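Please look over the sequence and the model first, and then read the points below.

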Amino acid sequence: MSKLYTIGELLIDFTPTGQSGLLASVEHFTKHAGGAPANVAAVCAKFGQQAALLSQVGQDAFGDFLIETLKQAGVETTYITQTTEGDTSLAFVSLTDDGERDFLFYRRNAADLLYRQEQLPTNLLSALDILHFCSVNLVESPMKQTHVALIEQAHLTGCLVSFDANIRLPLWHDAGACRKTIGAFLPKAHIIKLSDEELLFLTHLEDEQQAVLGLFQGKVQVILVTHGADGATLYTKQQHIKVPAEYVQAIDTTGAGDAFIGAVLTILLENNITVATLGAFCEQFASPLVTFANRYAGTSTKKQGAIASYPTKQELPFTF
C-alpha cells in the first residue's frame with residue numbers, strides 16, 4: 001500500500017480564544033497541534049491512508065501533546081523523536097475578522113531544526129510512496145541537511161516528491177536567502193504547491209502563466225497555485241485549468257493550504273499514482289481533483305485550528 005511520509009516542523013499553534021485582531025490586543029490563547037508537514041500527514045491519515053511524520057520535538061509537555069494528537073489523528077509517530085537539546089517550537093497566530101493570519105514564532109532553540117541526517121531510517125521509501133516537505137525547516141540547520149538526504153533517498157527509489165513552499169519570511173534572516181533556498185529545492189519535486197503571493201515572491205513575474213512556465217525545471221511535473229477564496233489552478237507542461245472555490249464563511253484559515261495539498265496527495269495515494277503516472281492522471285482528472293481539494297480546504301476553515309478542523313472521509317458531504 002502507498003504511504004505518505006512528511007518531514008519538517010511539528011509545533012504548537014496558539015490562536016486567540018474568542019476574539020480576533022492583532023496579537024498585541026489578544027489576551028487569551030488556545031493551543032493547537034500544528035506545523036505544515038504534520039497537518040498534511042493528518043489529512044491523509046484521516047482519510048484512512050498510511051501517513052508518517054519525521055520530526056523532532058522537545059522532551060517537554062508540548063512535545064508530548066503533539067505526539068499524542070498525531071496518534072489520535074492516525075498519523076504514525078515512530079519517526080518523531082524527543083530531545084533535551086532543544087525545545088518544542090511555538091507559533092502565535094493572530095486572526096483578523098476575515099480569517100487571515102499573522103505569525104510570531106518562538107524557535108530560537110527549536111528541537112525540530114536539530115533533527116540530524118544520521119537519525120533517518122535507511123531504506124525507508126519505496127516507489128509507491130510520496131514524500132512531502134515544506135520550506136520552514138530549510139533554513140541553515142541540521143534539519144535542512146536531513147531534508148537533502150531524504151529527498152535523495154526518494155529520488156533513488158523512484159518515490160514521488162511533493163513540495164509546498166509555505167513561506168514564512170519572519171523565520172529567515174533575509175528574503176533573498178529564502179528565495180534562493182526555495183529556488184534550489186523546487187526542481188527536486190515532482191509536485192509543487194504555491195500560493196499566488198508566493199509565486200510572485202519567487203519569480204517577480206506578475207503574469208501567472210509566465211511565472212509558472214519558468215518553474216518547470218528538473219523533476220517538476222505538476223504545479224498547483226492557490227488563490228485563496230478564488231480557488232486554485234493546476235498546471236502541467238501541456239495544460240492548465242483554474243477551478244473556482246465555493247464561498248465559505250471562514251472562521252480560521254490556519255492550515256487551509258495544508259488541507260488543500262493534503263487532499264490532493266490523498267487522492268494520489270488512493271489511486272497508487274507514481275512518478276510515471278502522475279502527469280497523465282493530473283491532466284485527466286484536473287478539474288475534479290482541484291474541486292475536491294478546494295472544497296476540503298474550505299471545509300477546514302469552518303473550525304479553529306488545523307488538525308482538529310480536518311474532517312474524516314466519512315464526515316465529508318462530498319467525494320472525489
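Contact here means heavy atoms within 4.5 Å, while helices (H or I, at least four residues) and strands (E, at least two) are DSSP runs numbered from the N terminus. The model is predicted, so that local features need pLDDT of at least 70 and side-chain atom pairs count only at pLDDT 80 or more, whereas totals for chains, interfaces and linings use all residues. Residues are numbered from 1 along each chain as its sequence is written, and side-chain values use heavy atoms, with hydrogens and water left out.

**Helices H1 and H7**

- Ala36, Asn39, Val40, Val43 and Cys44 of H1 meet Asp258, Ala259, Ile261, Gly262, Ala263, Leu265, Thr266 and Leu269 of H7.
- The residues of this contact of H1 with H7 divide into 9 nonpolar, 3 polar and 1 charged (Ala, Val, Leu, Ile, Met, Phe, Trp, Tyr, Cys and Pro count as nonpolar, Asp, Glu, Lys and Arg as charged, and the others, Gly among them, as polar).
- The axes of H1 (residues 36-46) and H7 (residues 256-270) come within 8 Å and cross at roughly 45 degrees, the axes being lines fitted to C-alpha atoms, for helices over the stretch in contact, with angles from 0 to 180 degrees between N-to-C directions.

**Helices H7 and H9**

- The axes of H7 and H9 (residues 286-300) also come within 8 Å, and they cross at roughly 140 degrees.
- The contact joins Ala256, Ala259, Phe260, Ala263, Val264 and Ile267 of H7 to Leu289, Val290, Phe292, Ala293, Asn294, Tyr296, Ala297 and Ser300 of H9, and its residues divide into 12 nonpolar, 2 polar and no charged.

**The second largest pocket**

- The second largest pocket is lined by 18 residues, of which Val139, Pro170, Leu171, Trp172 and His173 lie nearest its centre (on a 1 Å grid over the protein atoms alone, a pocket is an open set of points where a 1.4 Å probe fits, with protein on both sides within 12 Å along at least five of seven lines, and lining residues have an atom within 4 Å of a point).
- Strand S7 (101-106) and helix H4 (175-185) are the elements that give two or more residues to this lining, and S7 gives the most, with 4 residues.
- By class, the lining has 12 nonpolar, 2 polar and 4 charged residues.
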